[in-house]
Amino acid sequence: MAKIPSPEELMQVSYDMPRENWMDTKPEITEGAVAYPAKKVTMEPLGMPNPHDWNPFEEDWHLPENWEEIIYNGLKERLEKYRSLKLFMDICVRCGACADKCHYFIGSGDPKNMPVLRAELLRSVYRKDFTTAGKILGKLAGARKLDKDVIKEWFYYFYQCTECRRCSLYCPYGIDTAEITMMARELLHELGLGLHWIMDPVSNCNRTGNHLGITPHAFKEIVEFLCEDIEEVTGISINPTFNEPGHEVLFITPSGDAFAEPGIYTFMGYLMLFEEIGLDYTLSTYASEGGNFGLFTSSSMMKKLNAKMYAEAERLGSKWILGGECGHMWRVINQYMSTMNGPAPSCMETPVSPITGTVFENAAETKMVHIAEFTADLIKHNKIRLDPSRNDHLNVTYHDSCNPARAMGLMDEPREVLKAACNNFYEMPENTIREQTFCCGAGSGLNTDEIMEIRMRGALPRGNALRHVQEKHGVNMMSCVCAIDRATLPPLADYWAPGVDVSGMHELVANALVMKGEKKRTMDLRQEELPGMEDE
Amino acid sequence: MSMRHELKAIFSEHKQQITDEWVAAIFGTYDIDTVGFLRTQDNAFLNPVGNKTKKATVALIDALLDDELDSDTVTPAVNEIIQVRAVQQFEADQAMSVLFVLKSIIRKHIVPKLSKSEEFADLLELESKIDSLALVGFRIYAECRDKIQRMRVDEFKRKHFQLLKRAERILEKPVGEPES
Ligand code: SF4
Ligand code: SF4
């Protein structure tokens with residue numbers, strides 16, 4: 001007979017629980033606890049090391065024979081290559097300032113989601129093999145032997161870090177756990193261990209230039225659908241050019257904006273804005289993706305996928321690149337692009353807004369401007385006409401995406417734009433926005449549905465702050481400048497603050513945009529009736 | 001029928017202790033290294049689980065002291081506790097156990113103080129109210145799990161919105177399925 005446990009037994013209520021050392025507890029890897037693995041057929045053509053088929057829910061992950069040597073050499077190589085990694089490994093004093101700053105810790109209550117312990121998963125192995133104290137004292141010096149369970153634990157916890165860098169904001173030494181996670185993921189990739197959700201888009205990007213693997217003619221067709229919808233709403237017909245040389249600007253945005261709801265309304269917004277100001281631009285069907293899941297794979301993959309931006313700018317003779325609303329794309333551009341793919345092709349120049357004459361000195365190196373800056377500048381110089389009352393049925397808040405906020409300091413421009421486009425704007429609580437923003441819970445390639453529960457845990461701090469403004473101010477729209485957010489925030493809102501919708505910034509801009517020759521707007525870009533402006 | 005005076009008085013007298021123990025028991029379902037944080041970080045936005053739990057338990061204990069359980073108070077409070085647990089690493093019974101355990105905590109404090117059989121009858125009535133809370137919790141738990149399932153489907157549709165549209169137009173097999 002199996003006894004059914006009482007509530008007390010289920011809750012394991014016991015106040016003198018034996019305290020195990022964190023090193024001795026192991027994660028349970030069951031369905032829903034980790035995302036699905038990348039397949040051999042995906043990994044092999046990409047030249048990823050040790051491609052193999054494996055199942056995380058089985059005991060044997062079929063690691064290569066010499067897996068320990070691979071990790072040892074891989075870590076050694078990275079310690080030599082990146083002084084930051086060596087520093088991050090050495091200088092943590094375990095002060096705990098970062099411990100309660102991670103959305104996954106806050107939402108899950110799992111102590112190994114404390115950034116300090118997450119980093120310790122790698123650091124303990126580093127100590128064992130690369131420090132004298134660790135070699136001699138072992139566990140006493142916080143060192144531990146590398147075994148297969150450690151690898152499983154890495155896979156479990158380094159894919160419960162969205163590389164959001166909230167923790168690093170609070171570390172007195174500036175230790176960046178996100179970079180530690182990147183290194184750990186690189187090491188896992190050395191063993192042939194990756195996520196399907198990350199490697200599939202990487203593979204598609206590598207082939208066709210975008211995450212869904214859409215071919216040029218289909219990409220063009222899909223953008224043309226959006227133009228039809230714009231005409232329906234505004235009466236204005238827009239015909240963007242594709243792959244046409246000789247335009248001043250190349251526009252690159254995450255493909256999610258072209259393919260996915262609600263990003264498409266933001267894409268329509270870009271097209272309408274460009275039409276209205278007469279921007280001389282073209283779209284590329286090859287650089288048809290601003291996003292770069294190489295960032296979540298390895299530095300070499302990131303570099304490879306990013307190269308298409310300059311390659312297309314060069315082929316098309318563009319002077320500068322205007323980039324769409326994206327998060328991690330801008331981390332790549334702002335922090336790594338000029339080192340990785342620079343210098344920019346010689347045809348490119350420091351971006352100057354053709355409408356306002358503003359020189360974007362901040363983009364002198366990369367020649368790439370974020371559209372939030374571009375539009376904020378147009379608004380500041382009164383170059384576009386906005387009728388914010390068209391957004392009066394919306395009470396809008398703004399979610400700072402981790403990367404634009406913490407990796408490029410883009411915090412005021414989106415707010416300026418939103419306040420110009422909407423009359424009702426409300427901030428979420430101070431400790432959840434700007435630099436301190438909470439992640440959507442599914443960045444860095446974790447936006448896959450088999451780990452929806454994990455995502456919702458990570459989404460709790462953001463969702464909770466959202467619900468607060470929903471209750472207090474009647475907020476019914478959360479705007480953002482990130483394509484991953486436009487995919488991850490709808491379920492977040494659905495679960496934690498049902499009734500709040502999600503939009504990109506340029507969707508709201510375009511709804512308010514008064515265009516020359518437009519018909520009376522009775523619908524918004526979603527083709528829903530605008531309250532108070534219905535047809536008589 | 002409402003709780004008679006005596007039991008209500010005994011319950012009220014132990015209200016604080018009962019609430020504290022209940023909160024401690026709920027926090028106790030998390031790793032010991034997490035409990036301190038749940039207990040001490042008072043900012044509602046930095047510690048949503050701890051703060052939701054504290055607020056909801058107070059609201060529910062007060063609701064139990066009322067003559068009738070008011071759904072408008074009870075449902076959101078139970079939701080605060082269960083919605084979080086429905087996505088955390090708990091099995092369904094572990095997630096729900098935190099409501100049932102209140103019975104044992106109340107008994108522990110109240111039974112030694114009871115003398116008359118009517119008071120015991122009142123206690124049973126109080127326990128029935130806790131059963132009602134558990135039923136509300138059960139419904140919320142099921143709704144949360146259903147919602148998670150629905151969110152998966154909705155997400156697929158959003159992601160492939162344009163491709164589905166294109167597929168419709170050219171009347172071919174749907175393109176863009178994630179797996180082949
Ligand atoms: S805040 Fe910095 S030094 Fe302190 S524990 Fe975290 S990583 Fe280590
Ligand atoms: S980078 Fe973000 S997700 Fe990763 S440990 Fe730090 S706070 Fe958590």
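User: Where in chain A is A:Ser444 found?

Analyst: This is a predicted model. Phi of A:Ser444 is near 55 degrees, a positive value in a residue other than glycine. As for its place, A:Ser444 is found in the loop between H19 and H20 of chain A.

User: Is A:Ser444 buried or exposed?

Analyst: A residue counts as buried under 20% relative accessible area. The relative accessible area of A:Ser444 is 3%, so A:Ser444 is buried.

User: How does A:Arg434 count by its relative accessibility?

Analyst: A:Arg434 lies in the loop between helix H19 (412–421) and helix H20 (452–473) of chain A. A:Arg434 is not a glycine, yet its phi is positive, at about 50 degrees. Buried means under 20% and exposed over 50%. The relative accessibility of A:Arg434 is 27%, so A:Arg434 counts as partly exposed.

User: Which loop of chain A holds A:Pro262?

Analyst: The peptide bond from A:Glu261 to A:Pro262 is cis, with omega near 5 degrees. A:Pro262 lies in the chain A loop between helix H13 (256–259) and helix H14 (263–277).

User: What is omega for the cis peptide bond from A:Gly342 to A:Pro343?

Analyst: A:Pro343 is placed in the loop between helix H16 (328–341) and strand S4 (368–370) of chain A. The bond from A:Gly342 to A:Pro343 is cis, with omega near -5 degrees.

User: How many charged residues are in the shell around ligand 1?

Analyst: The space taken by ligand 1 is the second largest cavity. Residues around ligand 1 include A:Cys92, A:Arg94, A:Gly96 and A:Tyr173. By class, the shell has 10 nonpolar residues, 1 polar and, as the number asked for, 1 charged.

User: How many residues of the shell around ligand 2 are charged?

Analyst: Among the residues around ligand 2 are A:Arg118, A:Glu163 and A:Arg165. The shell around ligand 2 divides into 5 nonpolar, 3 polar and 3 charged residues.

User: What is the radius of gyration of chain B?

Analyst: Chain B has 7 helices and 0 strands. The globule rule gives 16 Å for 180 residues, and chain B is well over that, so chain B is more spread out than a compact globule; its radius of gyration is 22 Å.

User: Which residues are in contact with B:Glu21, leaving aside neighbours within four places in sequence?

Analyst: B:Glu21 is found in helix H1 (residues 5–27) of chain B. B:Glu21 counts as partly exposed because its relative accessibility is 25%. Leaving aside the neighbours within four places, its contacts are B:Ile105, B:Lys108 and B:His109.

Key. Residues are numbered from 1 along each chain as its sequence is written. Chains are lettered from A and ligands numbered from 1 in the order in which they are written. This is a predicted model: local features need pLDDT of at least 70, side-chain atom pairs count only at pLDDT 80 or more; totals for chains, interfaces and linings use all residues. Side-chain values use heavy atoms; hydrogens and water are left out. Helices (H or I, at least four residues) and strands (E, at least two) are DSSP runs, numbered from the N terminus. Buried means under 20% relative accessible area, exposed over 50%, partly exposed in between (1.4 Å probe, protein chains only). Contact means heavy atoms within 4.5 Å. A residue is near a molecule or strand if one of its heavy atoms lies within 4 Å of it. On a 1 Å grid over the protein atoms alone, a cavity is a set of points where a 1.4 Å probe fits but cannot get out, and a pocket is an open set with protein on both sides within 12 Å along at least five of seven lines; lining residues have an atom within 4 Å of a point. A molecule sits in a cavity or pocket if more than half of its atoms lie within 2 Å of its grid points. Ala, Val, Leu, Ile, Met, Phe, Trp, Tyr, Cys and Pro count as nonpolar, Asp, Glu, Lys and Arg as charged, and the others, Gly among them, as polar. The radius of gyration is taken over C-alpha atoms; the globule rule is 2.2 Å times the number of residues to the power 0.38.
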